[in-house]
Amino acid sequence: MSRTDILMTAPMMPIVVETLEKACTLHRLWEQPDQEAFLKEVGPRIRGVATSTLYGRLEASLLDRLPNVEIISSFGVGYDNVDAAEAARRGIVVTNTPGVLDDEVADLTLGLLLATLRKIPQADRYLREGQWLKASFPLSTTLRGRKVGIVGLGRIGKAIARRLAGFDVSIAYHGRTQQDDVAYTYYPTVTGLAEACDVLIVITPGGASTRHLINADVLKALGPNGVLINVARGTVVDEQALIEALRSGTILSAGLDVYEDEPRVPQELIDMEHVVLLPHIASASVHTRNAMGKLVADNIVSWVEGKGPLTPVPETPYKGRQL
């Protein structure tokens, strides 16, 4: 019995490679000296693709060269690197890696929030630069008495809310629909949520539907004591509007893990001392990235074995097909 041909678009973790090589014939696209010739020869044999949000978008032009692909397994809970609607049109199932990174991202979000409010990185630099020998570090703002709004109360949003409950703060949320099974106050608009809160945590999916959801109006509503935390996608926030809001004092501060044009971060943000900037590391622990990688591979292996995908995205529900 011939082994199923699977394409990996860019380097991925050893656990992904090892798992797929045991069950399939794995082709590494980035290693091909002539990718066009390779795709012309091997492309029609490819039945599955392993890809990652870390290495850019999987374009329709590549799918054109893979006419028999039936599954795309993407590394990351967000999957805006894959055009799921186009995949659905072509009859391709798309999978992502939900669940396994929820706690890690939620932990990092709380760390980023506290680091931003209490100026932890700034205090570290202050000590290392010898400034403490000259004067005490300036007093910071606090989490005490704040009302926190969560934009996107999905699995990760709920994990963040559970952690916030331990800090005895008020919690509210905005999403596409109100959830009857949660006790937090719901706001039907993100501007309304921003007006009612002084911390806004963004953990909504990326993509065209949420592009620049956090705009100048939302930031103005958040107010001069407001703090924005973005652990979603850089595209969800209008970056230039945020820079202007931070520069003018429209909001107090921001903690960012994601940016519109990663890994390029605007110099205006880098030059600001009152913001905390992280290099997209919310899920970046060895433990969690291995779990995500294993799920990428397991989705394909399960499909190959005729058991169906483990975590198909809503746009491409499993309908009983198999390789």
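A: We begin with burial. A residue counts as buried under 20% relative accessible area, as exposed over 50%, and as partly exposed in between. This is a predicted model, so side-chain atom pairs count only at pLDDT 80 or more. Take His-212: its relative accessible area is 24%, so His-212 is partly exposed. His-212 sits in the loop between β9 (199-202) and α9 (216-222).

Q: Which peptide bond is cis, and where is its proline placed?

A: The bond from Glu-262 to Pro-263 is cis, with omega near 0 degrees. Pro-263 is in the loop between β11 (253-256) and α11 (267-270).

Q: How is the protein chain divided into domains?

A: There are two parts: domain 1 (5-99 + 287-305) and domain 2 (102-277). Domain 1 is written as two segments, 5-99 and 287-305. The C-alpha centres of domain 1 and domain 2 are 33 Å apart. As for contacts, which here means heavy atoms within 4.5 Å, seven residues of domain 1 meet seven residues of domain 2.

Q: How should I read a pocket, and what is the volume of the second largest pocket?

A: The general idea is that rolling a probe the size of a water molecule over the atoms shows where empty space is left. In this model, the second largest pocket has a volume of about 440 Å³. Its lining has 17 residues, and those nearest the centre of the pocket are Thr-53, Asp-80, Arg-233, Glu-262 and His-280.

Q: How many residues of each class line the second largest pocket, and why does it lie between the domains?

A: The lining has seven charged, six polar and four nonpolar residues. Domain 1 (5-99 + 287-305) and domain 2 (102-277) both contribute lining residues, so the second largest pocket lies between them.

Q: What is the idea behind a nonpolar core, and which residues have the most contacts inside the largest nonpolar core?

A: In soluble globular proteins, nonpolar side chains tend to be buried together. Here the largest nonpolar core has 45 residues, and the most contacts inside it belong to Met-8, Leu-20, Leu-113, Ile-150, Ile-160, Leu-164 and Ile-201. Helix α5 (residues 102-118) gives the most to this core, with seven residues. Domain 1 (5-99 + 287-305) and domain 2 (102-277) each supply at least three residues to this core. Apart from this core lies another, of 30 residues, including Val-190, Ala-241, Ala-254 and Leu-269.

Q: Which residues does Leu-113 touch?

A: Leaving out residues up to four places away in sequence, Leu-113 touches Leu-143, Leu-164, Val-199, Ile-201 and Ile-229.

Q: Is Leu-26 buried or exposed, and what does it touch?

A: Its relative accessibility is 12%, so Leu-26 counts as buried. Leu-26 is in strand β2 (residues 25-28). With residues up to four places away in sequence left out, Leu-26 touches Ile-6, Met-8, Val-17, Leu-20 and Glu-21. Met-8 and Leu-20 are among the residues with the most contacts inside the largest nonpolar core.

Q: Is Arg-146 buried or exposed?

A: Arg-146 counts as buried, at 5% relative accessibility. Arg-146 is in the loop between α6 and β6 (147-151). Beyond its neighbours within four places in sequence, the contacts of Arg-146 include Leu-117, Thr-141, Asp-198, Asn-225 and Leu-252.

Q: Which residues are in contact with Asn-96?

A: Setting aside neighbours within four places in sequence, they are Ser-74, Gly-76, Val-77, Tyr-79, Leu-295, Asn-299, Thr-311 and Val-313. Asn-96 lies in the loop between β5 (93-95) and α5, and at 7% relative accessibility Asn-96 counts as buried. Asn-96 and Pro-309 are 213 residues apart in sequence, with 10.0 Å between their C-alpha atoms. Asn-299, in helix α12 (residues 286-304), is buried with a relative accessible area of 0%. Among the residues that Asn-299 touches are Asn-96 and Pro-309.

Technical notes
Residues are numbered from 1 along each chain as its sequence is written. This is a predicted model: local features need pLDDT of at least 70, side-chain atom pairs count only at pLDDT 80 or more; totals for chains, interfaces and linings use all residues. Side-chain values use heavy atoms; hydrogens and water are left out. On a 1 Å grid over the protein atoms alone, a cavity is a set of points where a 1.4 Å probe fits but cannot get out, and a pocket is an open set with protein on both sides within 12 Å along at least five of seven lines; lining residues have an atom within 4 Å of a point. Grid points are joined across faces, edges and corners, and a volume is the space filled by probe spheres set on the points. Ala, Val, Leu, Ile, Met, Phe, Trp, Tyr, Cys and Pro count as nonpolar, Asp, Glu, Lys and Arg as charged, and the others, Gly among them, as polar. Domain bounds come from an automatic or database domain assignment. A nonpolar core is a set of buried Ala, Val, Leu, Ile, Met, Phe, Trp, Tyr and Cys residues joined through side-chain atoms within 4.5 Å. Buried means under 20% relative accessible area, exposed over 50%, partly exposed in between (1.4 Å probe, protein chains only). Helices (H or I, at least four residues) and strands (E, at least two) are DSSP runs, numbered from the N terminus.
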